[in-house]
Amino acid sequence: MPPAERPRDVKTFLNKSWRNFMGTLQDKIDRSGGALNMLQNSQIGQYVFPIAPEFSNWRDECEAWANTAVLLDQSHHMTDLYVEGPDTIRLLSDLAINNFKTFGRNKAKQLVTCNHEGQVIGDAVLFGLDDFRVNVVGRPHVPNWVQFNAVKGNYDVVVERDERTLGNNRGRRSFRFEVQGPNAWAILEKLNGGPIEDIKFFSMGKIKINGRNVRALKHGMAGAPGLELFGPAEEAEEVRAAILEAGRDFGLLQGGARAYSTASTESGWFASVLPAIYSDPQLADYRRWLPDKGFEANASLGGSMVSDQIEDFYITPWDAGYKFIDFNHDFIGRDALLAKQEAPHLRKVTLVWDNDDVVDIFRSQFNEGDERFKFMEAPAAYYATFPFDAVTANGSPVGFSTYVVYSSNARRWISLALVDASVAEGDTVEVTWGEPNGGSNRPVVERHKQTQVRAVVAPSPVASKIRQGYRPYQVEAA
């Protein structure tokens, strides 16, 4: 769809394109007997990163971002939604908890949106490509929400969608590479042929690569500065080759899908919040707009946490560590969040799993029949799009664990968790590993029995502290 099309044409086009699907998300929820049944019986597993699993081996690739440098290819697994027009900032401001007073060209934000009850729909990275042109990049649920409001609302904007590779028959329009690690800046300056202009954190600039001006977003990973580089897809292989050549003497490795799956847990990023769209009555039109073959209709919910209310799997911005709520503008969910401002919130932490208990899980794989625990695939052991494992302290529920991975940097199994404020760093908690009743009927879940895993509460993010020698791993003997 040419960017020059006007909003009326875009709205007609988008409405027709969605209606090519057989049904809607709401149709599928109704057929499934509710959203919980739909998600818990989804036949897919974890979110797929459509790149090579490994380029060398995932252990070295994981350790590269802590010790040398890594090149991560992010060109394929995220949806890009381009929004352009005089009402672009008004649209985003109406939807997001963020402040947009100084946002514009060469700025970036972690864009967070909520439903009317102040529960998180999701987060994405917002790139300010020009004063009235942005790119919303992330898993599909935030681009979908922005697109719906752009189509249905009274906004003078044009939107253009570039699907992630698995749902894209035309080929991606751009590449996105991330260069991170202690040696990243030296590599980037070598590529640039000298010092890089002062790019502030989460702002954008340009660097030279093979004579080309390549746009770059500055952010950090593992406590060291790096850049996210993006440009036209046809330049991808030339830019990749130049980065690899420049990084040859700096220990640069390419990171594959297996290594990449551990990065969010180490970095303390909640990789995919379950979007709070399935039960809000005010989102009924949105559920009837979303297709029954889309992300929200086919994502899976798994783990040991049990509830008969999907609302128990929703979170607020404070729970996930999004502390940048700007109440000085009106946005969807503002009033509900104001009412909850002084209420107790969950706290994001890292859980460091006990070695002996993890070894018991692997030892159980040699037991007969169903007397085994849920297998832990390395390096990412989660087996659903949205993993929720119950966490208890002294037998009482205190939160949930999500995205458990083996950190080759910490040499431990770790997970991200949201826990009550009463849980302190250094405390020992228990994670219930495995699903109730021997496991669900999903094909990625073998028959197994549940077990308890002790874990020590550590800060989140833990990546930079690991580099500094942080080791809070010892579980106190009972």
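**Aromatic pairs and nonpolar cores**

Biologist: How many aromatic pairs does a search of the whole structure find?

Modeller: The model is a predicted one. Ring centres must lie within 6.5 Å to count as a pair. Searched as a whole, the structure gives 23 aromatic pairs.

Biologist: What is the geometry of the aromatic pair formed by F362 and W413?

Modeller: The ring centres of F362 and W413 are 6.3 Å apart, with 40 degrees between the planes. Planes under 30 degrees apart would count as stacked and over 60 as edge-to-face. The F362 and W413 pair is therefore classed as tilted.

Biologist: How many residues apart in sequence are the parts that F362 and W413 tie together?

Modeller: F362 belongs to helix α13, residues 355-363, whereas W413 belongs to strand β17, residues 412-419. The pair therefore ties together parts whose separation in sequence is 51 residues.

Biologist: Which residues have the most contacts inside the largest nonpolar core?

Modeller: In soluble globular proteins, nonpolar side chains tend to be buried together. Here the largest nonpolar core has 113 residues. One of its most connected members, L351, touches residues including V391, W413 and V457. The residues with the most contacts inside this core are L274, Y278, L351 and W353.

Biologist: Which ring has R173 over its face?

Modeller: A charge sits over a ring only if it is within 6 Å of the ring centre, among other conditions. R173 lies at 4.3 Å from the ring centre, over the face of Y82.

Key. Residues are numbered from 1 along each chain as its sequence is written. This is a predicted model: local features need pLDDT of at least 70, side-chain atom pairs count only at pLDDT 80 or more; totals for chains, interfaces and linings use all residues. Side-chain values use heavy atoms; hydrogens and water are left out. A nonpolar core is a set of buried Ala, Val, Leu, Ile, Met, Phe, Trp, Tyr and Cys residues joined through side-chain atoms within 4.5 Å. Buried means under 20% relative accessible area, exposed over 50%, partly exposed in between (1.4 Å probe, protein chains only). Contact means heavy atoms within 4.5 Å. Rings of Phe, Tyr and Trp (its six-membered ring) pair if their centres lie within 6.5 Å; planes under 30 degrees apart count as stacked, over 60 as edge-to-face and the rest as tilted. Helices (H or I, at least four residues) and strands (E, at least two) are DSSP runs, numbered from the N terminus. A charge sits over a ring if NZ of Lys or CZ of Arg is within 6 Å of the ring centre and within 35 degrees of the ring normal. Lists of a residue's contacts leave out its neighbours within four places in sequence.
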